[in-house]
Amino acid sequence: MFDRVKRLLKRAASLQITIVLLAFFAVLLFWGVLYQSKVGVDLATERFFGSFFIWVFDVIPLPGLYSLLVVSAIHLILSMLYRIPQQKKSIGLYTMHLALLILILGGLIGGFSRVPLKGYGIVDGKTDVVFERSSEDYEIVLNDSLSFPLPPWGELKSFQLGPYDFKMILSCEEGYPIVKAKEERLILKNASGFQGFECRDKKESVQFPGIALVVKHNEFHHEEKILLGLNERRPYILTGGEQLRLSNWREKMPFSIQVISVDKTGADVLISEKGDSFPRRIALNVPYKSSHYSIYFSTVLDSFDDQKIVLFKAKKDLFDFVPYLFTILLLAGLALHYLILREGKKS
Amino acid sequence: MRKVVLFTLLLISLLYSEGIYSQGRIKPFDSFSREVLYHFNGKTSFQEFSAKELVLKIIQDPASTEDFELFKINRAEIAALLHLDSKKRYHSYSSLKKSELLLQQYNEREDKHPITLELKDIYKNTRLYESLAHALDYKRPWIQTESDSLKSELGLDLAKSSYSPEELLSKIRLQDSTLLSDAALWWRDSLLFQTYMSLQESPLRIYPSEKEGELVSAWDYLWRGVPIPSYSIPPEENSLKLRVEVFYHQWNLPQKALILLGLAILMGFITRVFENRFIKRVQIILLGSCGLLLTLTLGLRAFIMQAPPLASLYEVMLLVLVLISFILGFLSIKKSLTIAIIPSSLLMFILLFFAQNALVQGDSFSVLPALLNSSFWLTTHVFTIALGYSGMILSGLWAHLCMLKPSKQNHRVLYGILVFGMSFTVIGILLGGIWADLAWGRFWGWDPKECGALFLVLWAMISLHAKAGRVITQEGFVFFSAWNMIIVALCWFGINLLGIGLHSYGFQRGIELSLLIFIIADSFLIFFLTSIQRRQMRSSLE
C-alpha cells in the first residue's frame with residue numbers, strides 16, 4: 001500500500017506534470033490577456049487570476065489561477081521530495097524551486113489577507129489622516145477614538161460609548177433622507193442638514209445609507225435624536241461638543257500622519273511613529289511604507305468651506321516581503337546552479 | 001579639412017539652436033517643425049522647403065500655404081467622403097477646410113474604426129495648421145473699426161482703420177473702465193476675448209519668462225504690456241542640448257547604421273562565395289562601425305533627454321540591437337562562432353529597418369510619464385529585460401541555424417543562449433516588480449506587458465523542462481526554440497496592440513500587418529527548415 005502511494009506521489013512529481021501545469025499557466029495567461037482587451041484589466045484579472053475556476057459559457061468550469069497555484073504548490077513539494085536529485089549539486093535547483101513555492105503560497109495567502117484602505121486628511125497640520133477599510137464593515141465613532149461596530153443593516157442595538165448611551169432606532173442601507181420633515185416623529189438632527197430619514201425597499205435615486213440614533217448623556221440626561229449618514233464628510237457635533245460619525249471600519253495604524261500642505265502631485269506630511277516625528281512627502285510614485293502598510297497619494301479635493309481634503313490610498317499586506325524573499329532566493333538559486341555547473345565542467 | 005567640418009557643424013548648430021516649449025519639453029524649432037510635418041504627411045521636407053522653412057512660412061505667411069498639398073490621406077474612400085479627388089494622396093488645407101464640419105463630427109466619435117481614426121488625425125492636423133497660421137495674429141492688423149468716436153475714446157490712431165492686437169492692447173490695457181462708454185467697453189472686452197482665444201491656441205509658447213521656470217504665452221506678454229520677444233528664445237542652459245538634438249536629426253545615425261549593416265550582409269554573402277580574408281575583415285569593420293553608431297545614437301539620446309534613453313519602445317529596440325551585437329561580438333571573438341553573423345545581421349537589419357524611422361522621424365524624443373520617472377529602476381529593469389529579450393531572440397535565431405546545421409556545439413550554444421535569455425528575462429521581471437512595488441504599490445498587477453514577459457518565461461521553461469525530462473528529443477527542443485522569435489514578437493509588440501495597461505509608452509498603431517507578415521514568414525521558414533532537417537536525418541540514417 002505504502003509503495004503504491006509512493007509510486008503515485010512520484011508520478012505526480014514527474015516532469016510531464018510540470019509541463020502540463022506550465023502549459024495550463026501559459027494558456028490561462030494568454031487567454032486572460034486577450035480577455036483584458038475586451039473587458040479591461042480589472043475585471044479580467046478578477047475572473048482569470050483572482051478565482052479558482054473560470055466558467056466558460058457559465059457552465060463549463062476550467063481551472064483559474066488559484067486552483068493552478070494550489071496544484072502547483074503540491075507538485076512543487078512532491079518534486080522536491082521525490083524528483084530533484086537529493087545531492088549537493090542540486091542545491092541551486094532546490095533553492096529556485098523553494099523560491100517558487102514561497103511565491104505561490106505567499107501569493108495565495110497574501111491574496112486573501114491583503115487589506116485595501118482609503119485615507120482622508122484635512123490640510124491643517126493638526127488633524128490625523130483617517131484610514132478606513134474599503135470593505136463593507138462600518139462603525140460608529142466618537143471623537144475619532146471610541147468606536148462601536150455597526151451591526152448588519154436593519155439590525156438595531158443599544159450600546160455605550162464614553163459618557164453616552166446610544167439606542168439605534170433606524171438602520172438602512174437604502175435610506176432616503178428628508179430635507180425638511182413635517183411630522184414630529186421624523187425630526188432628527190444631522191450634520192448635512194437633513195431632518196428626516198426613511199428606509200425604503202425599492203432603490204431611490206437619492207440613497208443615503210445611515211442610521212438614526214437616540215443619544216443620551218448618562219450624567220446630564222440630555223437626550224437628542226440624530227441622523228448619521230455613511231460617507232458624510234462632516235462629523236455630527238453632539239451638544240457636549242463631541243464628534244460623532246458613521247464610517248467604514250477605521251484601521252488603527254502604528255503611526256499617525258498630519259497633512260501640512262498639498263499640491264497636485266503630492267502632500268507634505270508630518271509622520272509620528274514610535275515617539276518620533278519627521279516630515280515626509282507622499283507623492284505620486286513616492287509612497288510611504290512602514291510596518292506592512294503602504295500609503296499612496298491619491299488626489300486632493302476642495303471642500304465647500306475652502307478646506308482642502310487629501311485622499312490617500314493604502315494597503316496593509318502582511319506578506320509584502322514574499323516577492324522580495326522570492327527574488328533573493330531565486331537569484332541565489334540561479335547563481336548557485338550556475339556556479340555548480342561551472343565547477344562541474346572544470347572538474 | 002577638420003577645421004572646415006568643425007566650422008560647418010558650428011554654423012549649423014548656431015542656426016538651429018532656438019528652443020521652444022512644446023509637448024512637455026524645450027526642443028529646437030527644427031524638431032518641432034519636423035514633428036508638425038511628420039503629422040501632416042510623414043515626411044521631413046516639402047517640395048523645396050525643409051520642415052523648418054515650411055513651418056516658418058505657415059506662421060509668417062499663412063495665405064501663401066493654404067493651397068500647398070500638405071495633408072496626406074491614405075484611404076481613397078476618405079478622400080471620396082470629403083469630396084476630394086480620390087486619386088490624389090495629398091490635399092491642401094483650403095480643400096479640407098470645406099469639410100470642416102464633417103471632420104469635426106468624426107472627431108467626436110468614440111469608435112476605433114480605421115476610417116474614423118484617420119479622419120480624427122486629419123481633423124487634428126488641420127487644427128494644428130490653423131493654430132500655426134494664427135500664431136502671429138497678435139502682430140497682424142486684423143481688428144477693424146471705422147468709428148472715429150470709438151478710436152478717439154480708446155486713444156487709437158485715427159488715420160488707421162485696422163489694428164493689431166499688440167498695438168490695440170498697448171493702448172487700451174491700462175484704460176480706466178469707468179471712463180469708457182458702454183459701446184467702447186463692449187468693443188474692448190470682446191476684443192480682449194477674441195485675442196485671448198486666438199493666442200491661447202497658439203502652439204508656440206515662449207520660454208522662459210522673467211520668473212524662473214515659468215512658461216509664458218504671447219498673451220501674457222501682451223497683457224502685461226511687455227514687448228513680445230522673438231517666439232523662440234535660446235535658453236542658455238539648454239543651447240548645447242538643443243544643438244545636439246538638431247545634429248542628431250540631421251545626421252540620422254540609425255539610417256547610416258542600417259546602410260553599414262546592409263553592406264556587411266552583402267560582404268558576408270560575398271565571403272561565402274569567395275573566401276577572401278580582406279572582404280571578411282571589411283565585413284567585421286562594417287559590423288563594428290554599425291554597433292558603434294547604434295551605441296552613439298543611444299548616447300546622444302541619453303544626453304539630449306538627460307535621462308536613460310529607454311522611454312519608448314523603439315529606444316528599447318535600439319538597446320536590444322546594441323545588446324545583440326555585443327552578444328554576437330562575444331560569441332565571435334571568445335567562442336569563434338561566426339556562423340550566426342549573417343543571419344543575426346539580417347535579423348538586426350529587419351529590426352533596425354522598423355526602428356530607424358521612428359528614431360528620427362518627427363520629434364522622436366518623448367517625455368517619460370511622471371508615473372514611470374525613475375532613472376535607476378528604469379535603467380536597470382529595462383536594460384535587464386532587454387538583455388533577456390535579446391537572448392530569447394538570438395536563441396530563436398540559433399534554433400533556425402541548428403535546423404540547418406545540426407551539431408553538438410550548436411545545440412549546446414542554443415541551450416546556453418536560451419538559459420541566458422530566460423534568466424535575464426526573469427531578473428528583468430523581478431526588477432520591474434520591485435520598481436512597480438515601490439512606485440505603484442504592487443509587485444505584480446497582471447498588466448498585459450507583465451503578462452507578456454511572463455508568457456515568454458513560461459514558454460522557455462516548458463521547453464527547458466521538456467528537454468530535461470526527455471519529453472522531447474534534441475530536434476524537438478530545437479523546433480520548440482525556433483518559435484522563440486515569434487513568441488518574443490507577440491509578447492513584445494503584439495501586446496502593445498491591445499492598447500491597455502499601465503505601460504502606455506509602448507502603445508503604437510499600424511504594426512499589425514508587419515507583425516502578421518513576420519509571423520507567417522517565420523512559421524513557413526521553421527516548417528521548411530524542419531523538412532530539410534528531417535530529410536538530412538533520413539539520408540544520414542540510410
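**Exercise 1. The A–B interface**

How many residues of chain A are in contact with how many residues of chain B?

*Solution.* The model is predicted: local features need pLDDT of at least 70, side-chain atom pairs count only at pLDDT 80 or more, and totals for chains, interfaces and linings use all residues. Residues are numbered from 1 along each chain as its sequence is written, while chains are lettered from A and ligands numbered from 1 in the order in which they are written.

- Count the contacts: 28 residues of chain A meet 30 residues of chain B. Contact requires C-beta atoms, placed from the backbone, within 7 Å.
- Find the elements. On the chain A side, α2 (15-39), α3 (41-49), β19 (293-302) and α6 (322-346) each give two or more residues. Helices (H or I, at least four residues) and strands (E, at least two) are DSSP runs, numbered from the N terminus.

**Exercise 2. A sheet in chain A**

State the strand order of the open sheet of 4 strands, then name its edges.

*Solution.* 

- The order is β6-β5-β14-β13 (chain A), with antiparallel pairing. Pairing takes at least two DSSP bridges between two strands.
- The edges are β6 (146-149) and β13 (236-237) of chain A, each pairing on one side only.
- β13(A) joins β14 (residues 243-248) of chain A over 2 bridges. Here Y236(A) stands opposite L244(A).

**Exercise 3. A contact list**

Which residues does L318(B) touch, not counting residues up to four places away in sequence?

*Solution.* With those sequence neighbours left out, L318(B) touches L294(B), T297(B), L298(B), A355(B) and L359(B).

Note on methods
Contact = placed C-beta atoms within 7 Å.
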